[in-house]
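Subject: Structure handover

Hello,

Here is the structure for your files. My notes on it follow below.

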Amino acid sequence: SGAASRTGVARVDVPIGTQHVGLAAEDRQFYEHGRFSPAGIGRAVWNNVSGGSLQGGSTITQQYAKNAFLTQERSFSRKAQELLLAVKLETSVSKDQILEDYLNTIYFGRGAYGIQVASQQYFGKDVADLTLSESAALASIIRSPGNYDPADKENVARLKGRMQYVLDGMVEKGWITQAQADDAKYPTFKKPKPANKFQGTNGYLLDAVVRELATKD
């Protein structure tokens with residue numbers, strides 16, 4: 001819609017279950033692996049040199065580096081820059097801080113940057129009040145907002161499948177039980193509501209960039 005809204009929220013104010021849902025969707029080994037995903041980078045490099053399609057495979061740190069510091073250009077050089085920035089970030093910023101900044105800057109569609117604004121846009125509530133199924137839905141939408149926003153009925157089956165993948169991942173990691181996953185039903189979403197351009201923008205992304213640059217030589 002061209003509208004943009006951002007509202008920052010401290011990581012400690014995001015329920016641990018919601019944090020886990022985000023990790024299950026985008027980077028299940030976030031607190032365990034190093035600065036990047038070797039397998040993901042390997043796939044990206046191979047696809048670039050072989051002429052295949054560019055792939056993701058990015059860790060949360062890489063995604064944040066791309067969103068905060070780089071363009072959305074899909075190229076090998078940009079992927080290399082993303083990797084180098086991820087290395088710098090993880091040698092100067094804590095995992096917890098990276099996760100907080102990621103959750104506050106990732107795009108969820110509907111003009112919403114960050115999980116607090118997304119919670120309001122999709123469910124009309126603060127992130128602290130999200131249910132497991134609502135959190136799983138938001139985490140699922142991150143992958144491709146245009147292809148997972150349930151406002152388009154053609155996206156519903158795709159979103160449900162992605163949600164199941166996320167919930168299965170949480171069970172696999174021991175973050176929830178199978179019974180909890182089974183009880184997480186498809187949630188009810190708000191209809192998208194147009195907003196004024198840049199309404200609610202508070203510069204969280206800029207603040208995060210400045211903060212992280214200040215930690216570097």
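Are E26 and R162 buried or exposed? E26 is buried, and R162 is buried as well; buried stands for under 20% relative accessible area, exposed for over 50%, and partly exposed for what lies in between, with a 1.4 Å probe and protein chains only.

Some conventions before the rest. This is a predicted model, in which local features need pLDDT of at least 70 and side-chain atom pairs count only at pLDDT 80 or more, while totals for chains, interfaces and linings use all residues. Residues are numbered from 1 along each chain as its sequence is written, and side-chain values use heavy atoms, with hydrogens and water left out.

Overall make-up

The protein has eleven helices and two strands; these are DSSP runs numbered from the N terminus, helices being H or I of at least four residues and strands E of at least two. From the N terminus on, the order is β-α-α-α-α-α-β-α-α-α-α-α-α. Of its 217 residues, 47% count as buried. Among contacts (heavy atoms within 4.5 Å) between residues at least 6 apart in sequence, 67% join residues at least 24 apart.

Salt bridges

There are five salt bridges in the structure, each being a side-chain nitrogen of Lys or Arg within 4 Å of a carboxyl oxygen of Asp or Glu. Three of them are described here.

- E26 pairs with R162, with the closest N and O atoms 3.3 Å apart. E26 is in helix α1 and R162 in helix α9, so this pair ties together parts that are 136 residues apart in sequence.
- E32 pairs with K173, with the closest N and O atoms 2.7 Å apart. E32 is in the loop between α1 and α2 (38-50) and K173 is in helix α9, so the pair ties together parts 141 residues apart in sequence. E32 is exposed at a relative accessible area of 54%, whereas K173 is partly exposed at 22%.
- D149 pairs with R110, with the closest N and O atoms 2.8 Å apart. D149 lies in the loop between α8 (145-148) and α9, and R110 in the loop between α5 and β2 (112-113), so the pair ties together parts 39 residues apart in sequence. D149 is buried at 13% relative accessibility, and R110 is buried at 14%.

Nonpolar core

The largest nonpolar core has 44 residues, of which Y102, F108, I115, Y122 and L138 touch the most other members. Such a core is a set of buried Ala, Val, Leu, Ile, Met, Phe, Trp, Tyr and Cys residues joined through side-chain atoms within 4.5 Å. Beyond its neighbours within four places in sequence, F108 is in contact with L103, G114, I115, A118, Y122, L138, I141, I142 and P145.

Helices α6 and α7

The axes of α6 and α7 are 11 Å apart, and the helices pack at an angle of about 110 degrees. Axes are lines fitted to C-alpha atoms, for helices over the stretch in contact, and angles run from 0 to 180 degrees between N-to-C directions. I115, A118, S119, Y122 and F123 of α6 meet E134, A137, L138 and I141 of α7.

Y186

Y186 sits in the loop between α10 (178-183) and α11 (204-214) and is partly exposed, with a relative accessible area of 31%. Not counting residues up to four places away in sequence, Y186 touches P150, V156, L159, K160 and M163.

Regards
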